[in-house]
Amino acid sequence: MTRISSAKESRRLRKFSDSIAGLLEYGERICYYHDLGIYRLLNYPENSWPINQMLGEMDELLNQMDEEKRDVLAMTVRVFVKCKFNYQKTADKLYTHVNTVRYRIKLIEDLWDADLSSDEGRLLFSVLAKLLPLWMKSGCYSGTLPREGE
């Protein structure tokens with residue numbers, strides 16, 4: 001790699017890091033590309049990597065719902081993963097009945113054709129719980145981003 005192309009790549013990575021850091025609300029703290037961890041998988045909207053395509057497809061399915069339901073389901077997934085797939089803890093955190101959480105998660109499983117009884121399904125939900133808020137904040141998602149517990 002030449003020095004010019006290396007410098008261009010460095011600028012591109014810096015710009016990407018700044019963009020993701022803004023979505024992650026890092027504040028004034030300097031964020032280097034290697035600090036992004038799993039978020040380095042993203043480079044949307046210009047990158048057509050499978051993870052971005054998958055987020056786009058899932059967003060498309062969510063967008064077929066009314067806005068309120070879409071936002072509630074997105075928030076439920078995030079809280080459910082944060083509570084380590086525990087229905088009761090998720091219900092407590094969201095101030096709702098446990099059967100309501102079960103219903104919402106079942107809707108998402110059906111919508112995204114995922115099975116949370118499998119390791120792959122849990123991994124998918126875990127990754128999406130991290131990436132979906134960024135996808136939503138980036139402007140690729142047309143809904144709003146409700147806060148947990150609202």
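## The ends of helix H4

Asparagine 86 caps the N-terminal end of H4, with a side-chain oxygen placed 3.0 Å from the backbone nitrogen of glutamine 88; a polar contact here is a pair of N or O atoms within 3.5 Å, in which, within protein, one must be able to donate a hydrogen and the other to accept it, and residues adjacent in sequence count only if both atoms are side-chain atoms. Just after H4, tyrosine 95 adopts a positive phi of about 55°.

This is a predicted model, in which local features need pLDDT of at least 70 and side-chain atom pairs count only at pLDDT 80 or more, while totals for chains, interfaces and linings use all residues. Residues are numbered from 1 along each chain as its sequence is written, and side-chain values use heavy atoms, with hydrogens and water left out.

## The buried side of H4

Helix H4 spans residues 87-94, and its buried residues (under 20% relative accessible area, 1.4 Å probe, protein chains only) are Thr90, Ala91 and Leu94. They lie on the same side of H4 because they cover an arc of only 100° around the axis, the arc being that of the directions from the helix axis to the C-beta atoms. The buried residues of H4 pack against helix H3 (67-82) and helix H5 (98-112).

## The chain as a whole

The chain has six helices and zero strands, where helices (H or I, at least four residues) and strands (E, at least two) are DSSP runs numbered from the N terminus. Of its 150 residues, 39% count as buried. Among contacts (heavy atoms within 4.5 Å) between residues at least 6 apart in sequence, 56% join residues at least 24 apart.

Key
Buried < 20%, exposed > 50% of the residue type's maximum accessible area, 1.4 Å probe, protein only.
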